[in-house]
Amino acid sequence: MCLIITLLAAIISTVIWYFNPKSGAYRLSVPCFIYWGASLMWLADAVFEYAKLGADYFRPAPADMINDAYLGICCVTAGLLVWLVVLLIKDPKGVLKDILTKKH
């Protein structure tokens, strides 16, 4: 489930990045790299787990599937938080700069 969830996030973020003309300003490449990296990590994990378990890999317990789904959702959320921090630091529209330098 982790692999499926992060692959969906990677594909969605890549499509948004590719078709958005302002993708450079909003650093949309950051979530793409985060999610594709996480997908490669989960793919390697799946390959090694399949080598260990064999056909039993495809028959997980429901509790394991729920835990994996929760982990995948947490990873996607963490990736969004990292992207948000990068976006706030880069401040493409200068909103934070205007708020912080505004004299009251």
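These legends go with close-up views of a predicted model.

Figure 1. The protein has 4 helices and 0 strands. Its radius of gyration is 18 Å, well over the 13 Å that the globule rule gives for 104 residues, so the protein is more spread out than a compact globule. The C-alpha trace spans about 65 × 30 × 15 Å along the principal axes. As for burial, 22% of the 104 residues are buried. Look at contacts with a separation of 6 or more, and 75% of them come from residues 24 or more positions apart.

**Figure 2. Helix 1 against helix 2: how the axes run.** Here we zoom in on residues 2-19 (helix 1) and residues 29-53 (helix 2), which pack at an angle of about 155°. Their axes sit 8 Å apart. That angle makes helix 1 roughly antiparallel to helix 2, because anything over 145 degrees counts as such. The crossing of this pair is left-handed.

**Figure 3. Side by side, residue by residue: the contact of helix 1 with helix 2.** On the helix 1 side, the residues are Cys2, Leu3, Thr6, Leu7, Ala9, Ala10, Ile11, Ser13, Thr14 and Trp17. Across from them, helix 2 brings in Ser29, Pro31, Cys32, Tyr35, Trp36, Ala38, Ser39, Trp42, Leu43 and Ala46. Sort this contact by class and you get 15 nonpolar and 5 polar residues, with no charged ones.

**Figure 4. Helix 1 against helix 3: how the axes run.** Now the partner is helix 3, residues 62-90. The axes of helix 1 and helix 3 come within 7 Å and cross at roughly 30°. An angle under 35 degrees counts as roughly parallel, so helix 1 is roughly parallel to helix 3. The crossing of helix 1 and helix 3 is right-handed, whereas that of helix 1 and helix 2 is left-handed.

**Figure 5. Up close with the contact of helix 1 and helix 3.** Helix 1 puts in Cys2, Ile5, Thr6 and Ala9. They meet Asp68, Ala69, Leu71, Gly72, Ile73, Cys75 and Val76 of helix 3. By class, that comes to 8 nonpolar, 2 polar and 1 charged. Asp68 is the charged one, since Asp counts as charged.

Notes:
Residues numbered from 1 in each chain as written. Predicted model: local features only at pLDDT ≥ 70, side-chain atom pairs only at ≥ 80, totals over all residues. Heavy atoms only, no water. Axes fitted to C-alpha atoms, helices over the stretch in contact; angles between N-to-C directions. Helix = DSSP H or I, 4+ residues; strand = E, 2+ residues; numbered from the N terminus. Parallel < 35°, antiparallel > 145°, perpendicular 65-115°, else oblique. Left-handed = near helix turned anticlockwise from the far one by under 90°. Contact = heavy atoms within 4.5 Å. Rg over C-alpha atoms; globule rule 2.2 N^0.38 Å. Buried < 20%, exposed > 50% of the residue type's maximum accessible area, 1.4 Å probe, protein only.
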